[in-house]
Amino acid sequence: MCEPLNIDGRTEAPFHLWFVKTPSDTGKPIPKSEARPLIARAVAAEIARLLRLAQDHRALLGKRPLSPEDIAVLVRTNAEARLMKDALSALNIPSVLYSTGNLFEAREALEVQRLLAGIVEPTHESLVRTALATDLIGLKAEDLDVLIQDDRKWEAWVVRFKTYRDLWERQGFVHMFRRLLFDEKIIPRLMALPNAERRATNVLHLCEVLHQASVEKKLGMAGLVKWLCDRRNPDTAGPQEHPLRLESDERAVRLVTIHKSKGLEYPVVFCPFTWDGSIVRNKTQPVVFHDEANGMRLTMDLGSQEQDKNRYRTQEETLAENLRLLYVALTRAKARCYLVWGQFNKAETSAPAYVFHQPSSSAQKDLAVATANRFAGMSKDEFVQDLRDAEAAADGAIKLCEMSAGNADPLQPPATQDLDLVCQNFSGAIDATWRITSFSALVSNGRYRVDSPDYDAPLSAEQHAASGIIQEISGPPETGILAFPRGTRAGR
């Protein structure tokens, strides 16, 4: 730990252990489907509180205020990261997703596909309507209803789509798509929506990927749309070749999977979802384990007579891996770490269950099963008492508290002070005795007069007749570079 987080001049315990209170009316474990959104809102509310204190210089890291990029939320899956991102966006807290997701699984890939399909067939009314309803174009249901009733407005959109199709056919995909982004103001429209930077990044990334595919595979318009459709289809898509590109992470909370966080450190870390179980619940499912009798070789048991024994080994290895991930998550914090724990359903064999509620005896064959039995037989008071024992043994390093309800007002940007801008007068001296310029610039400024050569002033027909000069028969008009105007006035 370095530069502890100070709140109102006080340094609190570096490890905050939040427990989720079990509802008293049921007394049953909390379903994970209910716990995750509750926890996401509570974590977002705490981040909003810390950042609000930082705006008033009441939450400091050393001598500087805490900022969003100092905070990381570590998750197990991309779905949990998206859940946290939505909770933070609801409170106007910027966040960036360090995700391993696939570009073609993003919503923007579907919308780009629909838009391109409408451009390829601009006379297909259904495809055009679908393209107009995307967030990229932004027409609402009432806008589409007006178009259906007004033939002139509808025809105007059809003409625009035909124009994009013609441009695509003449100059290629990337020229058309860039023109489309500019003319339809797609990026500014996306930046006004939630999760703006993620959406804009995906659209620009798709532009690059589609351009590369159209060039390398020599795809026409219909072929490129089909290629995008195939990439989006999980049944026909190949290996993940296009992971999501990172959007701007300037002054934004980091959302990182625990695997990606290895070797990294953040001043403030939240670990809200570390309670995946270790039990193999499907008894017919093949088990994978490291066989001690065979030099710890990775082995899959498809249904041998030793499968029950091997299943115990699999569950112990899964619990060990979950413990390693929990260790990685908890050791990423430099100033403060938050861990959320509770009596969640199907979390009795998770890493926190083993850490805080270890079985009294390891006589059972399966350590994961022993942990599950110990956890399942606990009352709410016994559960909280185990956490209090951990707090007491930490000698002030752990602060135990109940997780808040997660109610918070959206974070407001810091107020900016009105500045009186004053233009300063230049009082220096510029040496004008010499300068570098061109002859054309000298002539255009009128400092020098250029006498035109005699052949630059052609004689008129009357002058030719009076002088007796025989005019040559002119040849064909000059073309190409020979047709470029002569003299210093060319290009002005």
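Predicted model: local features only at pLDDT ≥ 70, side-chain atom pairs only at ≥ 80, totals over all residues.

## The surface and the overall build

As for what sits inside, 39% of the protein's 492 residues count as buried. The chain is built with 16 helices and 13 strands. If you take the contacts between residues at least 6 apart in sequence, 73% of them join residues at least 24 apart.

## Two helices side by side

Now find helix 7 (residues 173-183) and helix 9 (residues 196-216), whose axes come within 9 Å and cross at roughly 160°. That angle is over 145 degrees, so helix 7 runs roughly antiparallel to helix 9. The crossing of the two is right-handed.

Who's touching whom? On the helix 7 side you'll see Phe173, Val174, Phe177 and Leu181, and they meet Val203, Leu204, Cys207, Leu210, His211 and Ser214 in helix 9. Sort the residues of this contact by type and you get 8 nonpolar, 2 polar and no charged.

## A glutamate tucked inside

Next stop is helix 3 (residues 107-120), where Glu111 lies. Is Glu111 buried or exposed? Glu111 has a relative accessible area of 4%, so this residue is buried.

Which residues does Glu111 contact, leaving aside its neighbours within four places in sequence? They are Thr134, Asp135 and Leu136.

Note on methods
Residues numbered from 1 in each chain as written. Heavy atoms only, no water. Axes fitted to C-alpha atoms, helices over the stretch in contact; angles between N-to-C directions. Helix = DSSP H or I, 4+ residues; strand = E, 2+ residues; numbered from the N terminus. Parallel < 35°, antiparallel > 145°, perpendicular 65-115°, else oblique. Left-handed = near helix turned anticlockwise from the far one by under 90°. Contact = heavy atoms within 4.5 Å. Nonpolar A, V, L, I, M, F, W, Y, C, P; charged D, E, K, R; others polar. Buried < 20%, exposed > 50% of the residue type's maximum accessible area, 1.4 Å probe, protein only.
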